[in-house]
Amino acid sequence: MTILGTALTKSQTKIMLLGAGELGKEFAISAQRLGIYVMAVDRYKNAPAMHIAHEAYVINMQDAKALHALIQEKSPDYIVPEIEAIATDELINLEKQGFNIVPCAQATKLTMDRQGIRALAADKLKLPTSRFAFADNKKDYLIKAQAIGVPCVVKPVMSSSGKGQSIIRSFDEIEAAWDYAQSGSRGNSGDVQKVIIEEFITFDYEITLLTVRHNKGTSFCDPIGHIQQDGDYRLSWQPHAMSDALLFQAQHIAKTITDALGGHGIFGVELFIKGDEVYFNEVSPRPHDTGMVTLISQNLSEFDLHLRAILGLPIPNIETRMPSASAAILLEGKSQAPSFTGLNEGLSQINTDIRLFAKPEISGKRRMGVALAYDTDIETAKARAQFAANSIKIHASSSQ
């Protein structure tokens, strides 16, 4: 039986978010609807989830001592990582001391490390993946990239949100991809960072299969189709049509990898589909950016599902109510006090919504919001979401 206290009383149940971005903000909203006390932690002030949290802290989460000190001081009931850039070895240490890491510390550590997760998926679990190789120096990298061949994908072993990721389409791009991977790694600054070189599969489409591990077993959301650019999502939709046979393969792969990782919570399992084959790509042990479509598509969003699974609450059904889409609002500018135009135009359509994340600054390109839409068919929903996203602009007077 789950017992929840009340925030701001002696009985309060406390959740600490490690990472306070847009996904953390929506999770915090779900938590506060159940009266949970929320602490938001990030590397910069006024991150989105900090706007609604009961407490907010700015630390370097890759600093094991700082992370340990804050968690020991605040003693949260649940520690919920929202990003990869965390001192994961310290999370393992804290879990051994009795702290509840979501979904578990080992899952957080393995999924931050592309070498660890590929070794688990391909070598131990024998799941179908693209051909891949790792390199920890430039000379070795050049040899292995030539062996994998072009096109191929190069990524830092430790990174997120497409940082440092390149698609190499000709051999003369190989050296530049190494340099870009080094700049986008989550590792220690100044050190040479290991990279993964992956065969580029000319897939028919890619999906995210949101997979929920909870105390009654494993549940799946309908598959989410998506388009990525520069390693980051631009458009997603649900449900993505696929045959029962392919869906069965996808669910088998997702359950196999998440069972191996363990713990309770939602996992975003990324898969490639080519012909009648499904290939494992990556997995995140937390809500997924492509899953923001569930804010409008499902009876329970991915954030609600994550919270219920963590707390041991029932998940009797997951229903996709209408064909729906989400489009990232990717803007470009430079401002420490951004403001926006285009909301009147973007919200003029039926069945459309816009969420602005309230990120406190922009310098260059940054995802500042998401547009959501539903309709009786996927293509109309996608068009509505994309139109709404394209309507939003940085207000000229807010730029510097």
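Strand E5 and strand E8 (residues 195-199) form an antiparallel pair with 4 bridges. This is a predicted model. The pair belongs to an open sheet of 4 strands. The structure also holds 1 cavity of 30 Å³ or more.

- On average, neighbouring strands are turned by 25° against each other, direction ignored.
- Phe134 stands opposite Ile196, a residue of E8.

**Helices on the sheet**

- Helix H5 (residues 114-124) lies across E5, E8 and strand E6 (152-156).
- H5 runs at about 145° to E5.
- Helix H6 (residues 138-148) also packs on the sheet and touches E5, E6, E7 and E8.
- The direction of H6 makes about 170° with that of E5.

**The cavity**

- The largest cavity contains about 40 Å³ of space.
- Its lining is made up of Leu17, Leu23, Gly24, Phe27, Val80, Pro81, Glu82, Arg286, Pro287 and His306.
- Helix H1 (22-33) and strand E4 (78-81) are the elements that give two or more residues to this lining.
- H1 supplies the largest share, 3 residues.
- By class, the lining has 6 nonpolar, 2 polar and 2 charged residues.

- Most peptide bonds are trans.
- Pro103 sits in the loop between helix H3 (88-96) and helix H4 (105-112).
- Pro239 is in the loop that lies between strand E12 (232-238) and helix H8 (244-261).

- Most residues other than glycine have a negative phi.
- Leu8 has a positive phi, near 70°.
- Leu8 lies in the segment before strand E1 (14-18).
- With a relative accessible area of 65%, Leu8 is exposed, because the cut-off for exposed is over 50%.
- Asn46 is not a glycine either, yet its phi is positive at about 60°.
- Asn46 belongs to the loop between strand E2 (37-42) and strand E3 (55-58).
- Asn46 counts as partly exposed, at 43% relative accessibility.

Technical notes:
Residues are numbered from 1 along each chain as its sequence is written. This is a predicted model: local features need pLDDT of at least 70, side-chain atom pairs count only at pLDDT 80 or more; totals for chains, interfaces and linings use all residues. Side-chain values use heavy atoms; hydrogens and water are left out. Two strands pair if DSSP finds at least two bridges between them. Axes are lines fitted to C-alpha atoms, for helices over the stretch in contact, and angles run from 0 to 180 degrees between N-to-C directions. Contact means heavy atoms within 4.5 Å. On a 1 Å grid over the protein atoms alone, a cavity is a set of points where a 1.4 Å probe fits but cannot get out, and a pocket is an open set with protein on both sides within 12 Å along at least five of seven lines; lining residues have an atom within 4 Å of a point. Grid points are joined across faces, edges and corners, and a volume is the space filled by probe spheres set on the points. Ala, Val, Leu, Ile, Met, Phe, Trp, Tyr, Cys and Pro count as nonpolar, Asp, Glu, Lys and Arg as charged, and the others, Gly among them, as polar. Buried means under 20% relative accessible area, exposed over 50%, partly exposed in between (1.4 Å probe, protein chains only).
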